[in-house]
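User: I would like to learn how to read the features of a protein model. Could you take me through one, step by step?

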Amino acid sequence: MTAASLRTPPLARVYLAAGLTAIGVYFLLPWNSMAQSVLYDLIGLSSAVAILMGTRRHRPALSVPWYLFAAGMLAFSVGDILFNSYARIWHRDPPVPSVADVFYLGGYPLLAIGLVLLVLRMLSKDRRVGLVDAGLLTVAFCVCHWIFVMHPILAGSSDQVGKLVALSYPAMDVVLLAALVFLALTPARRTVSYRYLSASVVLLLVVDEVYSISPERFAGTSWLDAGWLLSYVLWGAAALSPSMRDLSEPKAVRGPRLTAMRLVMLWLAIGTVPAVLIVERLAHRRIDAVALAIGSSALSGLVLLRLAGLVQSFDRLRRDERAARSEAQSAQKLLEADRLKDEFVALISHDLRTPLTSIMGYLELILDDDNLTEEQRGFLSVADRNADRLLRLVNDLLFVARFEAGQLELHPTELDLAAVVRQSVEEAEPRATAGGIQLTCDAGAVSAVQADKGRMFQLVDNLVSNAIKFTPAGGDVRVSVTPVNGVVRLEVADTGIGIEPQEQQRLFERFFRASTASEHQIPGTGLGLYITRAIVEAHGGSIAVRSDLGEGTSFSVELPARSTT
């Protein structure tokens, strides 16, 4: 945002200030003069133009309601021009009905439809929320409106056409109020544009109601003009405010909660009919029993519907709470079962190590006997290899159990990782040669790392043995150690069978085996890479994998280098 834009007042405020100034000038001009009528018409037309400008400027997600507002304001303005033309041009009172009435009455539905479209847009996630509350206020208003405004008009003049036109205006006010109440119960009420819009509609309704009660008294220019003119200006300011875009955005709304505002609404709805009865009694008016009975029934039904919604909402919350509690208990049981499983694995692994170590020791002693035949030596060698393999599996399971329990012990020292890699590759060379694989090592001088030597041998052995195991005869396995930006990078790359892209993220999970390993019937437990990652992360490092199916795999390990300063 530039300094110039910070100094420039918002367009809505500029228009509002200009409109208030024009209204002030209107009341300074001679009463019932041509200049006063022209200024009145210009203020009305400016509202339609402002709404169009705001819509084109801010481009809301739903622009149709704002174009309807502009059309409604334009219809009112044309009605004003025609109404004033009877006195200023044709020098007579407008007939009933007149062409002006057509435009006036045509503007109300346009405004109401625009408000309804905004409501439906705002409540697109759940359009039923708040409708009962809005219905309560609307019905309560209709009861009062019928008894104090519409019924006196109906019982007045014998001119049926004039009576119909007179009744149309308060009827349109009901439609407009209903749409505004629906919009008030959406999250839109927090926006500046909504405040301008609601103030405009309220002003329009108030002055309409006052005029409907006694149109003869306010036939000429009066203070009611201030209400109509300010309604025009506020509607234009609502469209020019940038927050008008928020009125066109769908909002996630909560279910029907019993807030203080809604309690007041329920109380007002329930008290409407008794209050009307009291007013009619004090004013010595005839009690309109039919209207009050219909209104009371409608309000009671809506209140019951509202309370039923609250009860259903409460029941739903209780069901959700029970479901959440059940899930939490199930999760706790699963965690406990997982802990017991790890303890069991650790216990069994620990108990298996002792007899396995003893068996391997006796096998080694027997194999040192020179009196063994070749056949006997072969059988014992098979037993020794399988015992060694079983011991490695037990050690892996014990490592996993300790790591999951947070009991992994490290004894870090200043370590030359390159020397560890060279020794590990040298020990793996016979296996690579037996499998017809070329094993190369590039491990020059690098900075020392702070690491557990035994775990580093385990890490490198896992990666190198995996590369050899998954590389067919004739392939290559390349091991390198290089310094990179304050870390020591170990990379083990092969030209083996590769890994499916969608499986690479799961390689470091416990007991996970890639589909390529299963397809080629390559033995394994799925623990090697899990253990490798655990060792790397325990030393503050990171591990990554790159693989192309059928072309090979590369594992990259980065460990923080020990600072020499």
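User: How far apart are Glu 321 and Arg 325 in helix H11?

Analyst: Being four residues apart in helix H11 (residues 289–367), they are separated by about one helical turn. Helices are DSSP runs of H or I with at least four residues, strands are runs of E with at least two, and both are numbered from the N terminus. This is a predicted model, in which local features need pLDDT of at least 70 and side-chain atom pairs pLDDT 80 or more, while totals for chains, interfaces and linings use all residues. Residues are numbered from 1 along each chain as its sequence is written, and side-chain values use heavy atoms, leaving out hydrogens and water.

User: What do the side chains of Glu 321 and Arg 325 form?

Analyst: A salt bridge, with 2.7 Å from N to O. The term asks for a side-chain nitrogen of Lys or Arg within 4 Å of a carboxyl oxygen of Asp or Glu. Glu 321 has 43% relative accessibility and Arg 325 has 47%, so both count as partly exposed. The scale is: buried under 20% relative accessible area, exposed over 50%, partly exposed in between (1.4 Å probe, protein chains only).

User: How many salt bridges does a search of the whole structure find?

Analyst: It finds four. Another one joins the side chains of Glu 558 and Arg 489, again at 2.7 Å from N to O. This pair links distant parts of the chain, with Glu 558 in strand E7 and Arg 489 in strand E5, 69 residues apart. Glu 558 is partly exposed at 24%, and Arg 489 is partly exposed at 25%.

User: In what order do the five strands of the open sheet stand?

Analyst: Follow them as E2-E4-E5-E7-E6, with mixed pairing. Strand E2 (438–443) and strand E6 (542–548) are at the edges with a single partner strand each, so one side of each has no neighbour in the sheet. E2 runs parallel to strand E4 (residues 476–484), joined by six bridges, and Ala 443 faces Val 481 in E4.

User: How many of the nine residues of E7 are buried?

Analyst: Seven are, so E7 is largely enclosed by the rest of the structure. Across the 565 residues of the protein chain, 41% are buried.

User: Which residues form the nonpolar patch on the surface?

Analyst: Leu 11, Val 14, Val 49 and Met 53 do, with about 320 Å² of accessible area together. Helix H2 (11–28) and helix H3 (34–58) each give two or more residues to the patch. Patch members have over 30% relative accessible area and no salt bridge; like charges are joined within 9 Å, nonpolar side chains (Val, Leu, Ile, Met, Phe, Trp, Tyr) within 5 Å. Areas come from the Shrake-Rupley method with a 1.4 Å probe, and for residues only the protein chains shown count as cover. Leu 11 lies in helix H2 and, at 33% relative accessibility, counts as partly exposed.

Methods: Two strands pair if DSSP finds at least two bridges between them.
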